[in-house]
Structure formats: structure tokens, C-alpha cells
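Open the model in your viewer and keep the selection tool at hand. The stops below say what to select and what is there.

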Amino acid sequence: MKVVLLAAGKGERLEPITHTRPKPFVPVLGSTLIERNLSIIRSLLGNVEVFVVISDSTDPEYERFFSRLNNVKIVRQGEKKGTGGALSYVPVTSDEIAIIYGDIYIDRDSLSRVLAYEGNAILGVEVPNPSEYGALLLDSEGYLNGIVEKSPTPPSNLVNGGIYKLSSSIFDYIDSLKLSPRGEYEFTDALTAFARNQRIKVIKNMGSWKDVGKPWDVIDINKQELDSRPEKLEGEIEENVKMIGKIIVEEGAKILSGTRIEGPAYIGKNSIVGPNSYVRPYTILGQDVKIGSFVEIKETVVMEGTKIPHLSYVGDSVISEDVNFGAGTLVANLRFDEKEVPMNIKGKRQSSGRKKLGTVIGAHVRTGINVSILPGVKIGAYARIYPGSVVDRDVNRSEFFKN
Amino acid sequence: MKVVLLAAGKGERLEPITHTRPKPFVPVLGSTLIERNLSIIRSLLGNVEVFVVISDSTDPEYERFFSRLNNVKIVRQGEKKGTGGALSYVPVTSDEIAIIYGDIYIDRDSLSRVLAYEGNAILGVEVPNPSEYGALLLDSEGYLNGIVEKSPTPPSNLVNGGIYKLSSSIFDYIDSLKLSPRGEYEFTDALTAFARNQRIKVIKNMGSWKDVGKPWDVIDINKQELDSRPEKLEGEIEENVKMIGKIIVEEGAKILSGTRIEGPAYIGKNSIVGPNSYVRPYTILGQDVKIGSFVEIKETVVMEGTKIPHLSYVGDSVISEDVNFGAGTLVANLRFDEKEVPMNIKGKRQSSGRKKLGTVIGAHVRTGINVSILPGVKIGAYARIYPGSVVDRDVNRSEFFKN
Amino acid sequence: MKVVLLAAGKGERLEPITHTRPKPFVPVLGSTLIERNLSIIRSLLGNVEVFVVISDSTDPEYERFFSRLNNVKIVRQGEKKGTGGALSYVPVTSDEIAIIYGDIYIDRDSLSRVLAYEGNAILGVEVPNPSEYGALLLDSEGYLNGIVEKSPTPPSNLVNGGIYKLSSSIFDYIDSLKLSPRGEYEFTDALTAFARNQRIKVIKNMGSWKDVGKPWDVIDINKQELDSRPEKLEGEIEENVKMIGKIIVEEGAKILSGTRIEGPAYIGKNSIVGPNSYVRPYTILGQDVKIGSFVEIKETVVMEGTKIPHLSYVGDSVISEDVNFGAGTLVANLRFDEKEVPMNIKGKRQSSGRKKLGTVIGAHVRTGINVSILPGVKIGAYARIYPGSVVDRDVNRSEFFKN
């Protein structure tokens, strides 16, 4: 078997996180979505050949991430767009192929049940909102009859989970694809045609599954992953530290005096927390993160190398890599009217479904001292926020914001 | 004996505290002025009949408070104004009557000495500023000869303490009252007439007594009450908590790690303090209050359900019920010139007599992050303060303040 | 031997520190430059006669400092300007004279080697930038041949260290001085003439030496002095205090619970640190300083009586005496572009050579709550900073700053 990981999507809905990192590299505890999936695949299938399809025009910052993947074959997607287009560039050399979308968070068991299935298989996931996905048509024996994309009247609430194990003859169907009305080559069209001739078992998802489409999904998948992990206390924990509940402290991390950590919480490799910090449930710190004195943080994903060193409050947020918070930078995560916090996604205002939502900050951002960030605001990569500012709107990539 | 509590005053001078709560319900440690007085009365006189005279036009928020009083008869004051008017609506059914003004803070002993006196009695209180009160005229034997209201040349510095125990024939005099020049029926006129025919002993106050007229008086009476109470440590106190001096922690309260409390201090029922809070002397927290991480608070009365969760400094202030402070909300309590802090009372700028005075905040107020509140500023109930604002003037009820 | 300390310089480059204190009184741990030098001199030479030359027109605030010097003779410099002018007012009564510039920080050993030398001597200091000083011309035997002031092509990198031991005949040369082109009487001209007739040994400096010319030099000399001192733990240290590295706590000081101190650090007499403070390396606190709750401070010199009581961050700064920080006053010490921080010195923008530099604040300054101070900004003595301000430029003496 060969494995194909589809990683060419631009991830605009995940901006500003994707200003500097490819969508499949959104963080999952100390790792990333794609690295976690690869690690699960390798533990299931051994040293199988893996193709990673990436966009032909990724910028240098993206390359840095892809080059972290060991022992994979990078395939660049050429002119042909869509998931079908992406797969058409993969050299077929095997009788069986596993195809995994790059933005799917899935638990290890469900992934393994698809990969281990003898015959063709697709993951089917029950969701409350099937009209936003490709809903699956099943026959009476549980095999796939077709996929109905984003229908207002979906045939079921079981949708395409983005994980397939197929005979390599699928590539014949891929090669025969024609442009869809939206100008792409749709893999699901190939799949539907394939299903007419071959049986594809629908494996029902029994655990976690998440299509990571919106910035706040990054918080959710990290919460789910954290809930699935056992406690672990490595690193160095000073005296006068209060730790409550399940906490994972990775090696090289230091928890300094006067700190209180309420789990579940994840403290990444070589991160420093404290002194006198207050880390609340579902705080997820990547590698080399600094949470310093008189900082309170909760339900927030902080990526590698970011520093929140003094006198900050951060809640319900996603902070990308190498961000530096000036002292007294505060994040508001609740509206005065206590309504669900909206956020602009590809220029369109959408409800996040969360009453508590803070900010999403791109990489390499610097905030000055005494900065206030309002609920649902996004700050683009490399932006600078002038001291004393109240960030009351989205900030563009590299913008200097002052009010 | 029957007891009448006069609770119909509008308490405009106590705004914004009285935006949502009747004046007699200003907090006294975990209780209120009127509930505390009722409890003392019941412990002295048993299950005596108690009338509470309230205004005919109280708003629904006021009603909620009055309905908390168990086992009393609510009497609504009709058209007749003034204390005499108020009493005229009380049905007379007893030979003796105790009359207690609703805004008087008095210690238990003094109150008991008036109530236990055989014969007519009035509390006389020595004050440094008798021209602001009704000064008492005494005969050589210590009986009342008359009351001189707010005279620039008061006959003594002994003034009307607002506590009486009288024969029910006082009601004949009340019924005969005529409108005073300011258009009210003055109970003290009835009293003066009554004193011409019956002897009224003046019982001199020996302990605490305070007419709660200005917002900062709420701080003072709570300080006095706290000084009179013994230490009590219920609730749950975590390790790494430093407690110094006399502290009262009520049941259900939690003091979390890293907190320092310097007494005298009162932590109300089910309140949570910490982690890493700094509570200084004469902090008075009502029920269900939250004082959170990196918050310093001193000489401040905080009413029930209010949350000051992170990175705040609050000193010399009164914060009403169900207020929420955004992270980094700071209260200034000292002028640059270190002069006495003035405050607007019924639209008139008055000195508080205090060099340190912070803010008075009405109920249900929400402040954004990084808000600064200047000394002597009042914020009306239901107001919203935009993040980053400097509140440099009084804020009206329900106002949205932004600068 | 007699000793002359030159203390008449106006120290404009050290403003605003010198708004209220003479330049030789810049702090060195709990003492000052001149008092420290005096104390070394007395320990080496016993109760020798010491003249301190001060300006004729010092203001009353300066006088307060000079009056602290015990057992010295104050000499006022008259109309004759320059170091030569200053010395011309000293009454000559001795065969040998030591002359020490008032703004030199030097280690005890180097000072003692000059004073103990049998014969005439001058301290020579190797510096990387001799063109900014008076470079020394030496003969083959190590005796002084002349001094070349601020030459673009200095003869060596050994410069005039500002410490001399000379025969009193030097005064003959001083009396013969003529006005230099810049209108002063230059002592080094007298020295050059003297050197033509008498041998002056150049004693090479082996330890610390610093001409305290710029505000940030005050940080440097305190760091050097602290490095040379042994640990000392007097005062009172509460439980739950974490102390790491070499720390000096003077008598009467109190370190309150929840505080972390990372040495090297100096806590002056009767200072109070905590509760819940975070004191980082090279914090130097004078007498009666208060560093309060939720305050982080690093590499900063704080002078006597100054209070930083709550929720502040201060780094790489010099804070003069009797300053009061409002809650939430934050000092930024790093530019967004991470370039060296410039500062205005006598009206001219100069690089400090430091990537991290905060603020320099004169005496008696008051800042309001939530004030932000930008890197490299200077605040004049007696200034007031309005709450919520972002101090983005230098503030004049006594200015009321608001933006």
C-alpha cells in the first residue's frame, strides 16, 4: 500500500494561521495535524511509501514546514485544480492506495479501521449539519452508492470523512475526470464513478473527527487530542507550584515557582511557565513557549517560540509561532451583550458559535505594551500593534496598527 | 411593642448604589443595614410585629429586595410626604412603638438600650457637626425639650439618632401634623409637641452610629462592623495562602493558592479569592464574589455576585452587585495633588473628606479590558465602559462610555 | 595629603537624574558615587582633609545632597570655569594632593594604587574609544609626556582616568593657566606643563572604571558594583519567597510572601518587596523603595523612597527618588525593530548601544494608572503623567503630560 496525503489547499479560511504555515501544519499539542497523521500511519503500516501533494506555488515559509517531513515524497500539484487534479500528479505504483485529506483531525482507531479494511473503504462520519459536507448515499449493505455535495436536502447525516482506502484502479477514474462546473477536477466524481463498478465499504467513524476549517477548530481539535492523552510530568517543576487535574509537561519544560496550572493542559518541550503564572484548563503550549509572570491563560493554543511574558490575560485564542506580547497585552473573549462572537472568514462575517472567543494571531506578530484586543479580532502575520492600542478590527498581514 | 422601620427614602445621595437597591439595603458585611437591624431587633424583642414603610412607587428591582424581609408587614407610604407622612400610614395597634430610621447604622448595645428603656426614649448622638442634623434640646434631668433642625447655631452637639421608643399616643400627634414649609409632614414636629406633654428620655449613644448618607459612608460602616466581629475561618483555604490579622471567611468560600489576605477582611459566603490575589485590610466581599488572579484590593465593599477576575487594582471603592470588571480594569484612588477627593452628590461637587477614594459603581456594570477609572468617579447601574477608556467623569445609568 | 573631589559639573547629559541631584550623587547600590569614593578614601588614608568643589549656583535641592557629606570642606567654584578653575579655589596647605573627578566610578584597588604611589601619579585607563577622552602620551619608562584631548587620531588607547596624586606645586601651574579656546581653565593644560618638569607615573587601571556620562551608565556602574559584592541577607524574609543567586538584602528590608528574586540583586535598607513581586537580575533598589504586588522588574536602578506598588513591568531603566507609579504603569524596553534604543542627550539623539533600554525618570514624578512609557523616553523631575497616556516623547521637568 501507498499513502497519499493531500496538502495543497490554501487554507484561506484559516488565515492568519495560514499566512506562514500550510493548513495541514496546524498544531496538535506539540505536533501538527499532518505529522500526527503520518506518525499514526507509520505505526500502523510501517515504513510505507507516502506521497504528499502540495501546491506548486507555495511560498518559502511553507517550504520550511514541508521540509520537516521525513521520508516522504513531495509531489507538486500542476495546473489541474481540485482534489482530483492533485491526485492526478501522484505516480501510481501500487495495487492499493490510502488517501487522506490534509485538514482532517481523526482519532487513531477510526483511521486504523479504514486502513486495515480488506477491500475498498471510505470513512463515513455522522454530523449534525450534513448539508455543509458531501453526504454519503449507502446501499442496504452499507456500501457507497454516491456522494451528494453540499445539498440542502442531504440523503443522510453520514458524510464523507476524507479518508479512503482504494484499489489503485481509482487512478483510471481520476485520469478520466472532466472539469466540474466550478473549474476543478473533483475526486468525489471519480469516486462515484468507481463506486458504480467496485464496492466501497463505508466505515462509520466512532471517535473524534473534525474538518479543520475555521480558526476556532484549532482550539477544538487540541482539546479533543488532550482529552485522549494520559498525564505526563517530565521537565522541571519547582517548589510552590500548584498543579490540579491532568497535565502533560514535556521534557525540557520548566514550571517556575508561584505558578498554578489547572488541567487538562499541555506544556510543550522546552517551554517555560512562570513564575507566578496562572494556566487554566485547555491551555496548549507548543515548543519553546514562554508564559511569564502575572499571566493568566485559558483554552488557548500557543505555537512554538511565542512569548507572553508579563501581565497578560489570554483566553479562547489561537496564537501562532514567534509572536511576542508586550507587557499588559490583554485579550477580551466575551462581548458586553454575551452573544456569540463573530469572526470574518474570507471576508465574510460568521458566527463562531462560541460565546467566548478571543483572537487569532498570525506568526511573528509583536504587540506593544498595554494593548487591548477585542473579541473575534484577527491579526495578520508580521503585524505590529502600537502600545496602548485597542485592536477593534482585523489587522492585515504586516500592518502597523495604531489608534 | 411594635416596631416601625422607615424605608421609604429615595437615597439619591447614595446613587448609583440606590439605582437598583433601596437605601436600607446597603451592605453590611454579608448582610444589609435593614436586615442587620431586624436581626438585632428580633434577638432583643423576639418575634415582635414589624412594619416596614416603603415608598408607594418603588420599582421592580426594589421590590425584589423588600421581598427578602421575612415576617414583616410592608406598609406603602401614600401621598403624605416626610417621616411624619410615612408613619401616618402605619396601623396603630399597640401601646408602645419603636421607630427606627432605615439609614442608620448603630451598634447593638445602643439600640438595645433605647428599646429596653421603660418609658419614652430617643437616641442622642454626639457628633462634631451638629448643624447638619437635628440638635437635641435637653432639660436639666436629661429629657427632651425639643429638636432644632439644621441650625447654624445648634444648642448642643447631641443630635437626633433616629431611634425612638414611644407610647403609641405619639400617633395622635402625627395625625395632627400640618405641612411644613418644605411641603412634608415632619415627624420631629410631632415629637416636639409630644415632648411638651410627656417625658422623653435622651439615651446617649456610647458606640458606633452612622447616618449613611454618602457613598463612602458604606465603606465606613463596614469597617466599623468588621472591627466589632470576631475572626471566623470557614470555607476552604488552600495551601500556599498567607493570612495575616483578623479575617472572616464565611462558609462555602474558597481561598486559592498564592493568595495573601491582610486583615481585617471579610470574605462572604461562596466567594472565591485567588489564585494569586492580594487582599488588603478592610476588603469586604459579599456573597458569590470572585476576586481573581493578580488582583489587589483594599478598603473596598464589593456586593454579591460581582467579579473582578484578573489584573485589577481596586482601592477605597464601593462596587455594587453583579458587576464584571474586564481584565486590567484599574481604579485610581489618589489625586496627583493628594488633596481630598471630591464626588458629585445629587449633582453637587462635595469633598469626601478622604484623600484616598476610588469609585462607586452601580449594579450590573460591565467594564472592558484595560479600563482606567479616576478618583471620585461614579458609574451608574447597567453602564458599559468600552475597552481602553479612561473614565474621567461620572457615567450615567445604562450609558455606553467610550473616549 | 589632602584630597580634592571635583563636584561642580552640571551633569546635563545625566538629566533628568540631575534635575534634583548633583551628578556625583548618582546612586551606587545603597550609596552614591561620591559617598562611595569618600568612604574608600577614608579607609585608605584615614581622616584626611577633603575638599569638595561645588558650583557657586547650586539650587537648594542640590544643597540637601552636599550637606549629607560629613567632615568635608565645601569649596564653591567662583567665576573661573573648567576643572582648572575649580581647583584654583582650593586653599593649598599640603605637600601632596589627590584629585578625583566627581563622576568617575572606579574599583577600590585601582584607586588605592594611585593614592599609595610614592611620587606623582595619574590613572591611565585602556578604552576602546580613546578619541572621546584625553589620550595619554607616555615616555618609554611609563611616565606621562602629555595629554591629547579628544583627538581623532589618539596616540594610544590609554586615556586620562581622572584620578591624580600630585605634589602641591601643581597649584603653581594651575594659577598660571590661561583661558582655553572654549573659555575654560583646563586642568589638563596645567598637568601637561607640570609633566614637563616633574615625572608623573601612569598607573594602569586593572579593574572597573567608568566615566558616568549618560543615564544608562548608572545601570552599568551599579551592575559592576553589585558583581563585586558578597551576598548578604539581613532584613526579614517571609515564607514562600524564592531567592536564586547572589542577593543582598540590607537591614530593615522586608521580602513578602509569593515573591521571587533572581540575583544578582540589591534590596536597600527598609525597602519592601512583595507580596507576589518578581525581581530579576540586576535590580538595584535604594532605601525605602516599595516594589509591590504583580510587579516585574529587571536591570533597573530605583532610587530612595520610590514606589512601584502594583501591576507594573519595568526593565532597563533608571528611576529617581520619590517617584510614584500608578497601577499598571508599564515600561517598554525593546523596539519593534529590535535596533539599539536611542535617547536624547542634551537635545541630541544618540544611540545608547543597548537593544534593551527603558526609561529614565526624574525625582518626584507621578504617573497615573495604565500609563505606557516607550523605550528611550526621559521624564523630567516633578512631571505628572495622565492616566492611560502613552509617553512617546521626552517629558519636561514639571510638565503635565496627556495624550
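Start by selecting Thr20(B) and Glu321(B): their side chains are joined by a polar contact of 3.0 Å. A polar contact is a pair of N or O atoms within 3.5 Å; within protein, one must be able to donate a hydrogen and the other to accept it, and residues adjacent in sequence count only if both atoms are side-chain atoms.

Before going on, note that this is a predicted model, in which local features need pLDDT of at least 70 and side-chain atom pairs count only at pLDDT 80 or more, while totals for chains, interfaces and linings use all residues. Residues are numbered from 1 along each chain as its sequence is written, chains are lettered from A and ligands numbered from 1 in the order in which they are written, and side-chain values use heavy atoms, with hydrogens and water left out.

**Stop 1: around Thr20(B)**

Thr20(B) sits in the loop between strand 1 (2–6) and strand 2 (27–28) of chain B. Helices (H or I, at least four residues) and strands (E, at least two) are DSSP runs, numbered from the N terminus. Is Thr20(B) buried or exposed? Thr20(B) counts as buried because its relative accessibility is 0%. Buried means under 20% relative accessible area, exposed over 50%, and partly exposed in between (1.4 Å probe, protein chains only).

Now select what Thr20(B) touches, leaving aside its neighbours within four places in sequence: Glu61(B), Tyr62(B), Phe65(B), Glu321(B), Ala363(B), His364(B), Ala381(B) and Tyr382(B). Contact here means heavy atoms within 4.5 Å.

**Stop 2**

Tyr382(B) is not a glycine, yet has a positive phi of about 65 degrees. Most residues other than glycine have a negative phi, and most peptide bonds are trans. Tyr382(B) counts as partly exposed because its relative accessibility is 29%.

Next select Asn276(C), in the loop between strand 21 (272–273) and strand 22 (278–279) of chain C. Asn276(C) also has a positive phi, near 55 degrees. Asn276(C) is buried, with a relative accessible area of 3%.

**Stop 3: two cis peptide bonds**

Select Gly274(A) and Pro275(A), which are joined by a cis peptide bond with omega of about 5 degrees. Pro275(A) is in the loop between strand 21 (272–273) and strand 22 (278–279) of chain A.

Then select Gly263(C) and Pro264(C), where the peptide bond is cis with omega near 0 degrees. Pro264(C) lies in the loop between strand 19 (260–262) and strand 20 (265–267) of chain C.

**Stop 4: the two domains of chain A**

Colour residues 2–213 of chain A as domain 1 and residues 220–401 as domain 2; such bounds come from an automatic or database domain assignment. The C-alpha centres of these two domains of chain A lie 30 Å apart. How many residues of domain 1 of chain A are in contact with domain 2 of chain A? There are 24, and they meet 28 residues of domain 2.

The area buried between the two domains of chain A is about 2100 Å², of which carbon and sulfur atoms give 57%. Buried area is the accessible area (1.4 Å probe) that two parts lose on being put together, summed over both. On the side of domain 1 of chain A, select Pro16(A), His19(A) and Leu29(A): they supply 30% of the area that this domain buries against domain 2, more than any other three residues.

Across this interface of chain A there are six salt bridges, a salt bridge being a side-chain nitrogen of Lys or Arg within 4 Å of a carboxyl oxygen of Asp or Glu. Lys346(A) and Glu12(A) form a salt bridge, with their closest N and O atoms 3.9 Å apart.

**Stop 5: where chain C meets chain B**

Show chains C and B together: 25 residues of chain C and 27 residues of chain B take part in the contact. The area buried between them is about 1900 Å², with 60% given by carbon and sulfur atoms. In chain C, select Phe294(C), Ile369(C) and Asn370(C), which lose the most area to chain B, together 27% of what that side buries.

Between chain C and chain B the count is four salt bridges. To finish, select Glu338(B) and Arg366(C), which form a salt bridge with the closest N and O atoms 3.9 Å apart.
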